[in-house]
Amino acid sequence: MGIAPEFPVTATRYESVLSAVIERSVGPQAAEIDRTGAFPREGVQALGDAGLLGLLSAPNVGGGGESLAAAAQVIETVGARCASTATVVLMHYAAVAVIEAHGPQDIRRLIARGDHLSSLAFSEVGSRSHFWAPMGTAKAGSEDGSEDTVQLDARKSWVTSAGHADSYVWSSRPLAHQEKDAGGAMTLWLVPSKAAGLRVAAKFDGLGLRGSASSPVSGVNVVVPADARLGDDGAGWDIAMATALPTFLVLNAALSLGIMEALVAEAGAHLARSRLQHLDQTLAEQPVSRAALARLRIRTDSVRAFLRDTLAALSTERDDAALRVLEVKAVAAEAAAEVADGALQLCGGAAFRKELAIERLFRDALAARVMAPTTEALHDFVGRTCLGLPLFDAPGE
Ligand SMILES: Cc1cc2nc3c(=O)[nH]c(=O)nc-3n(C[C@H](O)[C@H](O)[C@H](O)COP(=O)(O)OP(=O)(O)OC[C@H]3O[C@@H](n4cnc5c(N)ncnc54)[C@H](O)[C@@H]3O)c2cc1C
């Protein structure tokens with residue numbers, strides 16, 4: 001019925017391969033991945049083979065050298081068909097942003113070739129969604145006496161692609177500062193997922209994004225070379241703010257947008273084909289249903305406008321770019337939850353009973369709000385920014 005606009009923004013050279021991969025390998029698997037909770041290996045591999053896992057990698061290591069806007073288009077488009085697959089790619093892109101800035105050439109080349117999947121291991125059991133305050137430790141040297149190694153210990157509470165990624169961008173307290181901190185003091189490491197001492201502590205069994213393998217991972221006496229450090233000791237938060245965080249926040253908003261587009265399209269198609277036989281009318285002929293659909297469309301379009309403005313602010317280095325970045329995930333996540341709820345109400349029992357993809361999309365839509373920085377944390381960050389306050393109180397305040 002043509003109510004959803006065409007997928008937007010830039011015409012990149014990846015557009016045609018992207019739709020081919022989605023039609024062949026991502027879309028057909030989505031319902032089964034949701035049902036079984038299986039990791040979307042085939043879709044991720046196909047995206048890698050098509051060059052899409054190397055989209056953000058620099059051309060000098062063989063990557064696509066594409067913009068964050070292009071990555072947002074990929075995540076939105078994949079997310080509209082399989083939000084689990086999109087989550088895996090989104091966490092990979094966020095990790096790649098750090099690795100591109102501070103990682104080794106050989107891994108960057110593998111990523112560019114689509115032969116290396118990464119993810120972020122920030123959230124911890126101890127500090128929960130406050131990932132800016134890692135409790136995990138890094139100690140110079142290891143038990144075997146080696147001085148050019150570092151020993152990492154942590155209980156990571158959530159790592160997407162746990163046990164499936166090739167590496168994790170891992171946060172710890174700084175080597176030089178092992179005390180508890182309210183936030184902002186951290187060091188980042190590139191940890192191979194096969195490193196001895198790492199263990200995926202439980203199979204992921206969540207409400208939505210069920211194929212994303214977002215499991216807890218524990219690290220006990222994990223020894224990495226000292227040069228596995230990504231950036232300076234203690235510079236982790238600044239690096240995350242400059243690389244992983246903007247990438248994650250913008251792309252998470254793009255994922256919410258993709259889910260919203262799918263919800264609106266699914267609801268519109270349902271209204272067009274479902275009949276009230278006693279009235280000889282479709283649901284689309286009911287003014288109340290049309291108005292409800294319009295509200296979902298308008299909410300979705302408002303998020304698209306906000307996301308585009310955020311991307312424009314970033315690409316033109318506008319003064320409000322940092323504020324937009326802090327806002328955009330909260331705007332999109334809350335809107336996605338609202339549109340998911342509205343689509344369920346609009347399509348009624350058919351949506352509640354898995355007759356439509358709305359039931360799956362509803363569950364997938366709810367994750368963004370609780371992925372850190374959560375909506376509450378982002379509201380606090382935005383409020384602090386408006387008031388000219390630092391994002392965190394200094395220790396002891
Ligand atoms: C599908 C999925 C994939 C994920 N993938 C990754 C990943 O790859 N890497 C990674 O590092 N993490 C990942 N996470 C973890 C995520 O980023 C959060 O850390 C996690 O969801 C927080 O859950 P929690 O129960 O620990 O939250 P809690 O910290 O217990 O928060 C629970 C609720 O309380 C609110 N809250 C917390 N503190 C305050 C406060 N001081 N004031 C007011 N409200 C507060 C929060 O906003 C939240 O709504 C993932 C999460 C999900 C759902």
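View 1. Helix axes here are lines fitted to C-alpha atoms over the stretch in contact, and the angle between two N-to-C directions can run from 0 to 180 degrees. Helices (H or I, at least four residues) and strands (E, at least two) are DSSP runs, numbered from the N terminus. What you're looking at is a predicted model, where local features need pLDDT of at least 70, side-chain atom pairs count only at pLDDT 80 or more, and totals for chains, interfaces and linings use all residues. Residues are numbered from 1 along each chain as its sequence is written. Helix α9 (residues 287-315) packs against helix α10 (residues 321-352) at about 165 degrees, and their axes sit 9 Å apart. That makes the pair roughly antiparallel (the word covers angles over 145 degrees).

View 2. An automatic or database assignment sets the domain bounds: domain 1 is 15-117, domain 2 is 120-234 and domain 3 is 240-386. The C-alpha centres of domains 1 and 2 are 22 Å apart.

**View 3. Around the ligand.** Of the 23 residues in this shell, Arg 128, Ser 129, Trp 158, Ala 372 and Thr 374 come nearest (a residue is near if its C-beta atom, placed from the backbone, lies within 6 Å). Domain 2 and domain 3 each contribute at least three residues to the shell.

How values were computed
Parallel < 35°, antiparallel > 145°, perpendicular 65-115°, else oblique.
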